[in-house]
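Subject: A structure for you to explore

Hi there,

Here is the structure I promised to pass on. Have it open while you read, and my notes on what was found in it follow below.

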Amino acid sequence: MSSAGQEVVRLGSSPRWPTRSERARAPESAPLYAYLLDADDDLAEELDIRTRFAARQLATARVLEADTGECALESWFAAVGHGPGLLILDGLVAVDTRIADRTVTQLLGGGDLLQPLSRHEDDMIERAASWRALCDCRLALLDAEFAERVLPWPQIGHTLLRRTQRRAEDLGMLRAISCQPKLEVRLVLFLWHLAARWGRVEPSGIRLKLPLTHRLLGQLVGAERPSVSHALGRLADAGLVSGTAGDWHLHGSLDAHLERLIEGTARHAPTHRARRSAGGRMA
């Protein structure tokens with residue numbers, strides 16, 4: 001049994017990510033397999049005990065290991081073919097999408113599916129995708145053969161489809177957050193959004209142990225790194241957010257944060273009558 005609780009079968013040397021010069025080369029023959037229902041509890045819970053035992057024997061997948069840093073996934077996506085994609089078993093992956101001179105990022109973790117950037121004939125804007133492991137990660141390669149093997153258990157496919165929908169909903173949430181004009185509000189909303197999934201409750205609030213540098217936070221909320229640093233400094237002075245990359249603390253509650261930030265902005269903004277009065281004096 002592995003440390004994650006699943007039985008694995010080793011068939012040779014340890015897997016590795018292809019180097020830049022090997023990107024076009026097909027992946028090596030599978031050196032490591034796992035029973036996916038052991039590695040992903042949510043998938044297993046979709047099946048009753050008897051069905052789970054039968055499905056477990058066929059719901060196996062090749063496991064890939066990624067060290068912290070940039071990941072060249074093109075070869076592995078080629079191996080996925082028409083399968084569901086690369087399923088993150090554990091770890092944290094930043095998916096970067098670059099258009100012109102700007103990069104936006106989405107964070108994906110255990111249970112999320114990675115898929116290649118789709119290309120459409122009517123696309124008029126050039127974009128590029130890249131992937132970074134923010135910590136050591138393990139991914140399961142769910143290829144077309146895997147999809148065929150689990151056809152007798154449609155619950156598995158339905159669960160993976162719901163996770164794709166969850167990622168789309170998460171992107172909608174991030175778009176709504178990015179519409180907030182005040183950077184401090186965007187940062188607070190985003191950190192609390194992450195806390196719902198990765199946070200740990202403490203007496204003073206929420207602790208978020210994620211490797212979020214100021215630069216990465218900027219890519220996540222649509223801001224430049226210096227602006228993020230200044231905004232985090234103001235949040236720390238206000239006693240709302242403290243910490244450094246890898247160990248963030250959200251003090252109090254989300255409602256208290258928003259009340260202080262939004263009402264504070266409204267309290268310091270000039271009223272319509274005051275603006276008209278000032279305009280009259282200037283005239």
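Let's start with a pair of helices. His-214, Arg-215, Leu-217 and Gly-218 in H8 meet Arg-225, Val-228, Ser-229 and Leu-232 in H9, where contact means heavy atoms within 4.5 Å. By class, this meeting of H8 with H9 has 3 nonpolar, 3 polar and 2 charged residues. Here Ala, Val, Leu, Ile, Met, Phe, Trp, Tyr, Cys and Pro count as nonpolar, Asp, Glu, Lys and Arg as charged, and the others, Gly among them, as polar. H8 covers residues 214–221 and H9 residues 225–237, and they pack at an angle of about 100° with their axes 8 Å apart. Axes are lines fitted to C-alpha atoms, for helices over the stretch in contact, and angles run from 0 to 180 degrees between N-to-C directions. H8 and H9 are therefore roughly perpendicular to each other (angles under 35 degrees count as roughly parallel, over 145 as roughly antiparallel, 65 to 115 as roughly perpendicular and the rest as oblique).

Before you go further, please keep in mind that this is a predicted model, in which local features need pLDDT of at least 70, side-chain atom pairs count only at pLDDT 80 or more, and totals for chains, interfaces and linings use all residues. Residues are numbered from 1 along each chain as its sequence is written, and side-chain values use heavy atoms, with hydrogens and water left out.

Now the overall picture. The chain has 11 helices and 14 strands; helices (H or I, at least four residues) and strands (E, at least two) are DSSP runs, numbered from the N terminus. Of its 283 residues, 40% count as buried (buried means under 20% relative accessible area, exposed over 50%, partly exposed in between, with a 1.4 Å probe and protein chains only). Among contacts between residues at least 6 apart in sequence, 71% join residues at least 24 apart.

Helix H6 (residues 154–178) deserves a visit, and Arg-163 is found in it. Is Arg-163 buried or exposed? At 7% relative accessibility, Arg-163 counts as buried. Its side chain reaches the backbone oxygen of Gly-111 at 3.1 Å. Leaving out residues up to four places away in sequence, Arg-163 touches Asp-40, Asp-42, Leu-43, Leu-87 and Gly-111.

Ile-156 also has its place in H6, and it is buried, with a relative accessible area of 1%.

Finally, the cysteines. How many disulfides does a search of the whole structure find? It finds 0, a disulfide being a pair of cysteine sulfur atoms within 2.5 Å. The sulfur of Cys-137 is 4.7 Å from the closest cysteine sulfur, in Cys-135, which is too far for a bond. Cys-137 is buried at 3% relative accessibility, whereas Cys-179 is exposed at 63%.

Enjoy exploring!

Note on methods
A polar contact is a pair of N or O atoms within 3.5 Å; within protein, one must be able to donate a hydrogen and the other to accept it, and residues adjacent in sequence count only if both atoms are side-chain atoms.
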